[in-house]
Amino acid sequence: MRRSLAVLGLSLSIGLAALLGMTPATAQADVVARINLSSQQMVVYVDGRARYGWDVSTARRGYTTPVGSYRPTRMHRMWYSRKYDMAPMPNSVFFRGGYAIHGTPHVRSLGRPASHGCVRLAPENARTLYQLIAERGMKNARVVITR
């Protein structure tokens with residue numbers, strides 16, 4: 001129930017932001033993925049308008065997801081983590097060194113910290129973000145992570 005209410009609240013926030021024409025502070029990019037570590041939510045802006053809102057999982061206790069504003073540095077339709085037992089990372093968008101936004105099969109953990117530092121998404125949401133950035137180019141995308 002808590003997750004349903006959180007998703008409903010996020011959907012209302014996206015709708016209100018779109019209605020008011022609100023844009024993220026870093027609207028220089030065509031695609032902006034804003035990740036809030038406190039709420040474990042991502043809002044994706046396209047051309048300055050909120051289009052998607054998704055649950056994510058970021059770093060669990062003992063690990064860190066870096067805060068800041070980044071441009072994607074590389075993308076891979078499928079990547080395997082060399083650091084974590086060749087774990088699959090579908091639709092990876094790397095934004096700082098080995099940190100990436102990517103799909104996960106662990107969808108039950110979405111909405112709470114569970115990763116080694118990457119930003120995990122449901123597979124279909126990771127695919128959507130990957131395709132948006134691929135279509136518009138990495139130079140036209142930004143990843144913004146806040147507490």
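Trainee: Among contacts in the chain between residues at least 6 apart in sequence, what share join residues at least 24 apart?
Mentor: In this predicted model, the share is 60%.

Trainee: Which elements make up the chain, and how do they run from the N terminus on?
Mentor: There are 2 helices and 9 strands. Their order from the N terminus is α-β-β-β-β-β-β-β-β-α-β.

Trainee: How many residues does the chain have, and what percentage is buried?
Mentor: The chain has 147 residues, and buried ones make up 46% of them. The accessible surface comes to about 7900 Å², and carbon and sulfur atoms account for 53% of that area.

Trainee: What is Leu121 in contact with, leaving aside neighbours within four places in sequence?
Mentor: The partners of Leu121 include Met42, Ile101 and Leu129. Also among them are Trp54, Asp55, Val56, His102, Gly103, Thr104, Leu110 and Ala126.

Trainee: What about Tyr70, buried or exposed?
Mentor: Tyr70 is buried, at 13% relative accessibility, and belongs to strand 4 (residues 68-70). Leaving aside neighbours within four places in sequence, Tyr70 is in contact with Phe95, Arg96, Ala141, Arg142, Val143 and Ile145. Between the C-alpha atoms of Tyr70 and Val32, 38 residues apart along the chain, the separation is 9.8 Å.

Trainee: On to pockets: how much space lies in the largest one?
Mentor: The largest pocket holds about 530 Å³ of space. Strand 5 (74-80), strand 6 (88-96) and strand 7 (99-103) are the elements that each give two or more residues to its lining.

Trainee: Which lining residues lie nearest the centre of the largest pocket?
Mentor: Of the 23 residues that line the pocket, Ser81, Tyr84, Met89, His116 and Cys118 lie nearest its centre. By type, the lining divides into 10 nonpolar, 9 polar and 4 charged residues.

Trainee: Changing topic to the backbone, what is phi of Asp47?
Mentor: Asp47 has a positive phi of about 55°, although this residue is not a glycine. Asp47 is found in the loop between strand 2 and strand 3 (49-55), and counts as partly exposed at 49% relative accessibility.

Trainee: What is phi of Asp85, and where is the place of this residue?
Mentor: Phi of Asp85 is near 55°, a positive value in a residue other than glycine. The residue is placed in the loop between strand 5 and strand 6.

Trainee: Why does Asp85 count as exposed?
Mentor: Asp85 counts as exposed because its relative accessible area is 77%, and the cut-off for exposed is over 50%.

Key: Residues numbered from 1 in each chain as written. Predicted model: local features only at pLDDT ≥ 70, side-chain atom pairs only at ≥ 80, totals over all residues. Heavy atoms only, no water. 1 Å grid on protein atoms, 1.4 Å probe; cavity = no way out; pocket = protein on both sides within 12 Å on 5 of 7 lines; lining within 4 Å. Points joined across faces, edges and corners; volume = space filled by probe spheres on them. Helix = DSSP H or I, 4+ residues; strand = E, 2+ residues; numbered from the N terminus. Nonpolar A, V, L, I, M, F, W, Y, C, P; charged D, E, K, R; others polar. Buried < 20%, exposed > 50% of the residue type's maximum accessible area, 1.4 Å probe, protein only. Contact = heavy atoms within 4.5 Å. Areas by Shrake-Rupley, 256 points an atom, 1.4 Å probe, with all protein chains shown as cover.
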